Amino acid sequence: MKKRLSEAQEFEIMKLVLDKFLWLGFGIMGFGLYQMYANETIQIGLSWMVAGAIILFLFTWMIVKQYEIIR
């Protein structure tokens, strides 16, 4: 028999999971910025920053899709 979560419990779990995506995206973008500074090659660092931006875009898309946020 499966237990059902309330909406508040489901939202709290979703916040925890999506918060990890947020930290991961900003961490990857920060690593890309570091690569641009340390190696002085813009192309490698920029590719890391684009990867971080894609993760942040996925984060936003998941929130909008899950909770139907109207703009």
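The legends below describe close-up views of a predicted model.

View 1. Helices (H or I, at least four residues) and strands (E, at least two) are DSSP runs, numbered from the N terminus. Along the principal axes, the C-alpha atoms fill a box of roughly 55 × 30 × 15 Å. Residues are numbered from 1 along each chain as its sequence is written. Local features need pLDDT of at least 70 and side-chain atom pairs pLDDT 80 or more, while totals for chains, interfaces and linings use all residues; side-chain values use heavy atoms, without hydrogens and water.

**View 2. Helix 1 and its buried residues.** The 33 residues of helix 1 should span 48 Å at 1.5 Å a residue, and the end C-alpha atoms are 47 Å apart, which agrees. The expected span is 1.5 Å times one less than the number of residues. Met14, Leu18, Gly25, Ile28, Gly32 and Gln35 are buried in this helix (under 20% relative accessible area; exposed is over 50%, partly exposed in between; 1.4 Å probe, protein chains only). Just after helix 1, Glu40 has a positive phi of about 55 degrees.

**View 3. The aromatic pair of Phe31 and Trp48.** The structure holds 1 aromatic pair. The ring centres of Phe31 and Trp48 are 4.9 Å apart and the planes stand at 90 degrees, so the pair is edge-to-face. Rings of Phe, Tyr and Trp (its six-membered ring) pair if their centres lie within 6.5 Å; planes under 30 degrees apart are stacked, over 60 edge-to-face and the rest tilted. Phe31 belongs to helix 1 (residues 7-39) and Trp48 to helix 2 (residues 42-67), 17 residues apart. Phe31 is partly exposed at 36% relative accessibility, and Trp48 is partly exposed at 37%.

View 4. Gln35 is buried, at 13% relative accessibility. Leaving out residues up to four places away in sequence, Gln35 touches Glu40, Thr41, Ile44, Gly45 and Trp48 (contact means heavy atoms within 4.5 Å). The side chains of Gln35 and Asn39 are joined by a polar contact of 2.5 Å. Such a contact is a pair of N or O atoms within 3.5 Å; within protein, one must be able to donate a hydrogen and the other to accept it, and residues adjacent in sequence count only if both atoms are side-chain atoms.
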